Amino acid sequence: MSENIKVALIGLDTSHTVAFAGLIHDPATPAEQQIKGLQVTKCLRFDTPFQNTEGLDKRQAYLESIGIPVTLDFDEAVEGCDAIMIEINDPSKHLEYFEKCAPLGKPIFLDKPFADNLENMKKIIELIKKYNIRFFTSSSLRYDVDFVEALAKGVDAHKVTVWGPVGAAPAGSGLIWYGCHVFEMLQAAMGRGAQSVSAYEDENGYVFQVFYADGRRGTVDMTPGAYQYGALIRNKESECALGCVTMRIPFYFMLMKEIVRFFNGEDILPLEDSVEVMAMQVAAEAALASGKAEPVFHL
């Protein structure tokens, strides 16, 4: 690839498109937060229930003001690109646009959540394997500096509690749409091996218990409107590590650094880890409906 990797942005219904483009192209971005080595070639715009026309128009105007053309034509959007970032707020469209992008054979970053349901996630995985796609998906919370520093303290994760907000999705499941962030943090702290998820709901939100075959346990606490993330990692004895997300370094910047590494050929995150994040979300949603612990899918 060239020194500046040419990236096509697919989707404009999410604020992430604007945030990531700004880190790469906006001269007003603080120097210490500017992302080097990437060049956004074009952005593909289309309608979803997650953003109205006025909002899309404002986002398009911003992208164009920093030199990024916006198009309604998919072929034009991906022409001449080296890599693709699928930035779609509506998870129900992830498979549709992955099917369009996969045959191009380019590295793909797929923004969270992985998909809108387990079956569509499996279809995306089939496409990854069929076209031998280099693939990366993650919530930015996995790479937040405060969370990463808590993990780096080396406390053996026997019990982990993570917390964050839950939102009502304009379409589809709010738990799938927004729950990806806290479940990403849990998976990063605990590693793979989740077996089942139970659920509790009250006026304060949701509490999910994630059980592991080796006796470990994770707790996910999701509160409507409480936009604060954090994690408490404990071992079997008295050691613990606390990571409260302060945004002292924006987590979008931290994720973009990982995306640059990925587009430069580095392996960032095993597919199995990303699958488990989505599988825990699906099990959590099933547990809310059934009132009992539900199994976690594994590849």
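**Close-up views of a predicted model**

View 1. Leu 44 has Thr 71, a residue of β3, as its bridge partner. This view, like those that follow, is taken from a predicted model. The strands concerned are β2, which covers residues 38-44, and β3, and the two pair in the parallel sense over 2 bridges. They belong to an open sheet of 6 strands, whose order is β3-β2-β1-β4-β5-β6 and whose pairing is parallel. Because β3 (70-71) and β6 (135-136) stand at the edges and each has a single partner strand, one side of each is left without a neighbour in the sheet.

**View 2. Strand β1 beside strand β2.** Strand β1, made of residues 5-10, runs parallel to β2, and 6 bridges join the two. Within this pairing, Val 7 stands opposite Val 40 in β2. Of the 6 residues of β1, 5 are buried, so the strand is largely enclosed by the rest of the structure.

**View 3. Helix α1 crossing helix α9.** Two packed helices are described by the angle between their axes and the distance between the axes. Here the axes of α1 (residues 15-25) and α9 (residues 251-263) come within 10 Å and cross at roughly 70°. Angles from 65 to 115 degrees count as roughly perpendicular, and α1 and α9 are therefore described as roughly perpendicular to each other. On the α1 side the contact is formed by Ser 15, His 16, Ala 19, Phe 20, Leu 23 and Ile 24, which meet Tyr 252, Phe 253, Leu 255 and Met 256 in α9. Sorted by kind, the residues of this contact divide into 8 nonpolar, 2 polar and no charged.

View 4. In soluble globular proteins, nonpolar side chains tend to be buried together. The largest nonpolar core in this model holds 35 residues, and Phe 183, Leu 186, Phe 208 and Met 222 are those that touch the most other members. Several elements each supply at least two residues of this core, including the helices α6 (145-152) and α10 (271-290) and the strands β7 (159-166), β8 (194-202) and β9 (205-212). Helix α8 gives the most to this core, with 6 residues. When residues up to four places away in sequence are not counted, Phe 183 touches Leu 175, Phe 208, Val 210, Val 220, Met 222, Val 277, Met 280, Gln 281 and Ala 284.

View 5. Pro 113 is found in the loop that lies between β5 (108-110) and α5 (118-130).

View 6. Although Asn 132 is not a glycine, it has a positive phi of about 50°. This residue is found in the loop between α5 and β6, and with a relative accessible area of 66% Asn 132 is exposed. Met 247, which is also a residue other than glycine, has a positive phi near 65°. Met 247 lies in the loop between β12 (240-244) and α9, and at 38% relative accessibility Met 247 counts as partly exposed.

Technical notes
Residues are numbered from 1 along each chain as its sequence is written. This is a predicted model: local features need pLDDT of at least 70, side-chain atom pairs count only at pLDDT 80 or more; totals for chains, interfaces and linings use all residues. Side-chain values use heavy atoms; hydrogens and water are left out. Axes are lines fitted to C-alpha atoms, for helices over the stretch in contact, and angles run from 0 to 180 degrees between N-to-C directions. Helices (H or I, at least four residues) and strands (E, at least two) are DSSP runs, numbered from the N terminus. Angles under 35 degrees count as roughly parallel, over 145 as roughly antiparallel, 65 to 115 as roughly perpendicular and the rest as oblique. Contact means heavy atoms within 4.5 Å. Ala, Val, Leu, Ile, Met, Phe, Trp, Tyr, Cys and Pro count as nonpolar, Asp, Glu, Lys and Arg as charged, and the others, Gly among them, as polar. A nonpolar core is a set of buried Ala, Val, Leu, Ile, Met, Phe, Trp, Tyr and Cys residues joined through side-chain atoms within 4.5 Å. Buried means under 20% relative accessible area, exposed over 50%, partly exposed in between (1.4 Å probe, protein chains only). Two strands pair if DSSP finds at least two bridges between them.
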